[in-house]
Amino acid sequence: MIESTGLTKRLGGRSVVSDVTFRCAPGTVTGFLGPNGAGKTTTMRMLCGLSDPDAGHAEILGASYRSLPNPGRRVGILLDAAAQHGGRRGQEALTISALTMGADPARVPELLDRVGLERRAARQRVKQYSLGMRQRLGIANALIGDPEVLILDEPANGLDPEGMRWMRGLLRDFAERGGTVLLSSHLLHEVEAVADQLLIIGNGKIVAAGTRDELLADAGTLVRAADDDTALLAALDVAGLGARAHPDGGFMVDAEPEEVGRAAQAGGVALGRLGPSESAGLEQLFFDLTSGAPDALDEPRSPDLQESLR
Amino acid sequence: MSTATARFDDPLSPRTAHRARDQRPSLARLTRVELRKMHDTRAGFWLLLSGLLLTVAVVVIVALTGHASDHTLSNLLNNSVQALNVLLPVVGILLVTSEWSQRTALLTFTLVPQRGRVLAAKVSASVVLAVVAFVAALALSAAGTALNPSGLEGTWSVSAGVLAQTAVFTVISMLIGVALGSAILVSAPAIVASFVLPLAFSAVTHLIGGLDGVANWLDQGESLTALTDHALSANEWARVGTTLLLWLVLPLAIGAWRVLRGEIR
């Protein structure tokens, strides 16, 4: 259980996080989404007592993090995979954590195995690790106390697609066993598949929160003409439906697919595609909410967007 | 890289088992961890090993060269402790600063949010290491004395009082490093400061005639070195105290304030 109430942090007169309120329930995975610099890390640092909020407070498992007597055994944290001593061996780094929190250091080899760090890698100095290996070490470090809550900042950073799928499975499984997971990312597709709940943060404020379906409910319809986009746009205009050009062709319309279909029929336009915007809509919503610019569509196409439309 | 199975076999620990898990890590446990951190990195390992080798070298050189009157246990111990006095402060500095330069402070302080306890553990681990180093220096000095005894009377005589004072001196020199490291929090400047500041202080107070009195009360070279030399009078102990206020208590207080209040990045 994680509860954040009105967390606010000001740095140099500017609010980097303002009034962030949310709740993560046991048995669920919460995706904390936002572009770089939106305030994800600052929020997580306040959750973990590394940074004092200027207003608001956070509770983990019913207490402020700093008042947990032995937080390592209750909450697993990965804030920055680079924060490891380069001259320490991977297995030694985990042993230090285990000894500090009173967990059994004999679990270390088993845990390294679970996160996919081979024996040889475990004996290497962390300096020689790739970013992906550091992330795996960081995840092992978060798991070593056998916690009930996981707080992971950009854990998929540097993982290959296979590693990402592995991590999704791990988090899903952790939640199914009753754990609470909060993970951040600046890439929607990294968390979309695993998160039960999405929190979208932009410019330090929570701009949207809910399940994927809830967020998509008003994400609109994607429609594409079979051959004449101009006629389709005219038909939508006649029906009084606002439409925005989508970079991959076609239009995003803030209406139900049925309404859009009728408008097209009335205008005599043959359609090539008609349906809820799905992933494209969520991506769009993410851009709109976090950039604050409704014309984000005109910006250069994101490869993720193209991929999700195929 | 192989893909590990995502499936964890064991369910999350039963919630009833919290009492054992919620035990705050004891200071003894944290001290053991800090001692381990001193030697489990490449830099730490070589630093400690070179400290040992330097002490061995000093003992061998002093025992085999120079006048027979120098080949006494007290002289060998004095020399080897001076050698420790060069390296132990660096070990103390790195014990604190490496948490910042290597950013492990992020891990350390999420596991132990009561930052004062971490600092206390670093101080107590330093005391332990300094005592171990002193005992090693004493053993090496005894071996050196046995190797080439002076044959003069008093070769083996060391008063228990001076022995204890020498141990205190070793501990102090290490703790000054910890204090300076926590006040500065960056490895290189802290190491430079630990060598330069005492020298500069000594130079200034000796150059300016009127400051002679100050030197007696605040100069490490004057007041602390006496610890290894002879049994101190009450007045000399007071001088040790004032010197420690400047070189140990003040930087440690600044360090504690920075560590406890600062943002951990």
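Reader: Happy to start! What should I know about the model and its numbering?

Author: Local features need pLDDT of at least 70 in this predicted model, side-chain atom pairs count only at pLDDT 80 or more, and totals for chains, interfaces and linings use all residues. Residues are numbered from 1 along each chain as its sequence is written, while chains are lettered from A and ligands numbered from 1 in the order in which they are written.

Reader: How many residues of chain A are in contact with chain B?

Author: Two residues are in contact if their C-beta atoms, placed from the backbone, lie within 7 Å. Here 45 residues of chain A meet 38 residues of chain B.

Reader: Which element gives the most to that side of chain A?

Author: Helices (H or I, at least four residues) and strands (E, at least two) are DSSP runs, numbered from the N terminus. H2(A) gives the most, with 6 residues.

Reader: And what is the order of the strands in the open sheet?

Author: Strands pair if DSSP finds at least two bridges between them. The 6 strands run E5-E6-E7-E3-E8-E9 (chain A), with mixed pairing.

Reader: Why is one side of E5 and of E9 in chain A left without a neighbour in the sheet?

Author: Strand E5 (75-78) and strand E9 (205-210) of chain A stand at the edges, each with a single partner strand, so one side of each has no neighbour there. E5(A) pairs with strand E6 (residues 149-152) of chain A in the parallel sense over 4 bridges. To find the pair in the structure, look for Val75(A), whose bridge partner in E6(A) is Val149(A).
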